[in-house]
Amino acid sequence: MPINAVNSYSASQHVSQQNEGGKHENWQVGIEVLRGSAAMSVMLFHCIGLLSWDVSGTPLAIFRVGWIGVDLFFAISGYVITASAIRQKDRPDYGEYFWRARLARILPLYYVTSAVFLLAVSSAALDKDALFQLLTHLFLAHNFFQSAAFSINGVTWSLSVELQFYVLAFFIVPLTMRANRTMLIKSYLALFGGVLAYRLVCWYWLTQTGASDGAFIHLFSQVPALVDSFALGGLIFMLNLPRLTRPQAVLLAFLTFGLLMAIYFIYDANALRYWNSLPMTALFRSLVAMFAGVALLLAMSIRTTFIWRPMLELGKISYGIYLWHLIVLYLVQRYSPFNGMAAALTVIVVTLVLAKLSYLAIEMPSMRWAHNARPVRKT
């Protein structure tokens, strides 16, 4: 099974970034709609999998693959971070501004929710090697270690991956600005080849050594296995594609839906033997990355905000949805008399309330500080 579906601690999000840069008038609308969709997908995936919520025979069954929301977040981050790096590259304080904005966006709510998890859900991670657990999570390096990756509010493993993507983008994006489209596409294909090579080497090595599913999950949740989604988002920005016409948007919507259905049925047929299949292990996640890229292109074609208002609101608080929902879910499991759909609705409502409150009380002040902070003058 993929890294986001095998373990109650292994689903992810990708970090919702502050709107920066952009090629089209309403690109922020599409980005927020896609963020909202991704966050809700991950939350519904967990509710279905962990709360005995039977959605068989209903449209909600599609959220059995709701873990693909993490790949949507990766693609979104690739687009937004590339836009930010290009827009800010000529600032004399480029490095300081880039990292101040990134860390102010990620860390405050991450630290708060991690503390809440330890206090209210489980402190078992601290029973052994407490200093190791705290330090790896403090510096967002816990995805490197199998014993730490999913131990404290497990969804945060993807924040470690995200931060590592930022390091790559910080150094690489400014170097690619003069590249033409052909060079950009060739570079992406070379990177994609590297991703496949990493997956193949890991699969053969782990298979021959008789490794556990946990070992597969760990190696396949590292940057080299997942960077194609992030890089695809960056490529889409750098190609500066023209805005879709309405007929093109309709065709792309059908393609997006078709890819989603393919992911659902392929995964449904292979989930129980996911790690035993070389084609699934090597190629399936790239099919998901392709879906994320196509969905991103489709989101960019959104022209009006009115009908998307609910999803826009969800997009704004998507980072909070992602970080709070497992905490709420475990507490509902422990203390609530509800189960199934009633428990899921409780998780959704409480999570949305917490996400909105933390957006206003933590995220907005942090982003405002990062935007207004004066650069440090060098003497």
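## Helix α4 and its surroundings

Helix α4 is followed by L140, whose phi is positive, near 50 degrees; helices here are DSSP runs of H or I of at least four residues, numbered from the N terminus. The model is a predicted one, in which local features need pLDDT of at least 70 and side-chain atom pairs count only at pLDDT 80 or more, whereas totals for chains, interfaces and linings use all residues. Residues are numbered from 1 along each chain as its sequence is written, and side-chain values use heavy atoms, with hydrogens and water left out.

Within α4 (residues 130–138), Q133, T136 and H137 are buried, a term that stands for under 20% relative accessible area, with exposed meaning over 50% and partly exposed in between (1.4 Å probe, protein chains only). These residues lie on the same side of α4, because they cover an arc of only 95 degrees around the axis, the arc being that of the directions from the helix axis to the C-beta atoms. What covers them includes α3 (94–121), where contact means heavy atoms within 4.5 Å.

## Salt bridges

The whole structure holds 7 salt bridges, each defined as a side-chain nitrogen of Lys or Arg within 4 Å of a carboxyl oxygen of Asp or Glu.

Another salt bridge, between K316 and E313, spans 3.6 Å, N to O. Because K316 and E313 are 3 residues apart in helix α11 (residues 309–316), about one helical turn separates them.

R199, found in helix α6 (residues 181–208), is buried, with a relative accessible area of 1%. Its side chain meets that of D228 in a salt bridge of 3.4 Å, N to O, which links α6 to helix α8 across 29 residues of sequence. Not counting residues up to four places away in sequence, R199 touches several residues, including F220, T281 and R285.

F220 and F284 have the most contacts inside the largest nonpolar core, which has 118 residues; such a core is a set of buried Ala, Val, Leu, Ile, Met, Phe, Trp, Tyr and Cys residues joined through side-chain atoms within 4.5 Å. Helix α8 (residues 223–239) gives the most to this core, with 12 residues.

Conventions: Helices (H or I, at least four residues) and strands (E, at least two) are DSSP runs, numbered from the N terminus.
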